[in-house]
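Good morning, and thank you for coming. Please look at the structure on the screen while I describe how its parts are arranged.

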Amino acid sequence: MWLLCGAVSLIFTALTLILSFRGKDGGDWAAICALSFTAITLLLEYKMAMEWVCREDWTALSDVLLTMFTSLTGYVILQILLNAIALGIRRKKRSAG
């Protein structure tokens, strides 16, 4: 499920960038959806780790947690940067036009 939410957040981020480059309205709601699905993805990942703790599956935690943290950190930074770029493009186009 977290993979699906992560993919949806990337789709909304791409939509935000596309709408920003074209100068069309609707980028705000797409950015909100992208960041919301990013948060949901993080929560689902946390839930998965929590379930491993409840089952005392320490092997799964030790194998996956470090890589998962690094990947999710990069994912969140990428999402924030791309949405910030889209916001900057929209502001620039609004002030110019």
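The crossing of α1 and α2 is left-handed, a term that applies if the near helix is turned anticlockwise from the far one by less than a right angle, with clockwise giving right-handed. What we have here is a predicted model, in which local features need pLDDT of at least 70 and side-chain atom pairs count only at pLDDT 80 or more, while totals for chains, interfaces and linings use all residues. Residues are numbered from 1 along each chain as its sequence is written, and side-chain values use heavy atoms, with hydrogens and water left out.

The helix names follow DSSP runs (H or I, at least four residues, for helices; E, at least two, for strands), numbered from the N terminus. Helix α1 covers residues 2–22, and its axis lies 8 Å from that of α2, at an angle of about 160°. An axis is a line fitted to C-alpha atoms, for helices over the stretch in contact, and the angle runs from 0 to 180 degrees between N-to-C directions. The two helices α1 and α2 are therefore roughly antiparallel. For reference, angles over 145 degrees count as roughly antiparallel, under 35 as roughly parallel, 65 to 115 as roughly perpendicular, and the rest as oblique. In the contact of α1 with α2 there are 15 nonpolar residues, 7 polar and 1 charged. Here Ala, Val, Leu, Ile, Met, Phe, Trp, Tyr, Cys and Pro count as nonpolar, Asp, Glu, Lys and Arg as charged, and the others, Gly among them, as polar.

Next, how do α1 and α3 pack? Their angle is about 20°, with the axes 8 Å apart. That makes α1 roughly parallel to α3. This crossing, too, is left-handed. Residues in α1 that meet α3 include Cys-5, Leu-10 and Phe-21, and their counterparts in α3 include Tyr-75, Leu-82 and Ile-89. The contact of α1 with α3 divides into 9 nonpolar, 7 polar and 3 charged residues.

Is Thr-16 buried or exposed? Its relative accessibility is 0%, so Thr-16 counts as buried; the cut-offs are under 20% relative accessible area for buried, over 50% for exposed, and partly exposed in between (1.4 Å probe, protein chains only). Leaving aside residues up to four places away in sequence, Thr-16 touches Gly-27, Ala-30, Ala-31, Asn-83, Ala-86 and Arg-90, where contact means heavy atoms within 4.5 Å.

I turn now to the largest nonpolar core, which has 8 residues: Met-48, Ala-49, Trp-52, Ala-60, Leu-61, Met-68, Leu-72 and Tyr-75. Both α2 (27–54) and α3 (58–96) supply at least two residues of this core, and the largest share, 5 residues, comes from α3. Such a core is a set of buried Ala, Val, Leu, Ile, Met, Phe, Trp, Tyr and Cys residues joined through side-chain atoms within 4.5 Å. Within it, Met-48 touches Met-68, and Met-48 also touches Trp-2, not counting residues up to four places away in sequence.

Finally, consider Glu-56, in the loop between α2 and α3. Most residues other than glycine have a negative phi. The phi of Glu-56, however, is near 55°, a positive value. With 55% relative accessibility, Glu-56 counts as exposed.
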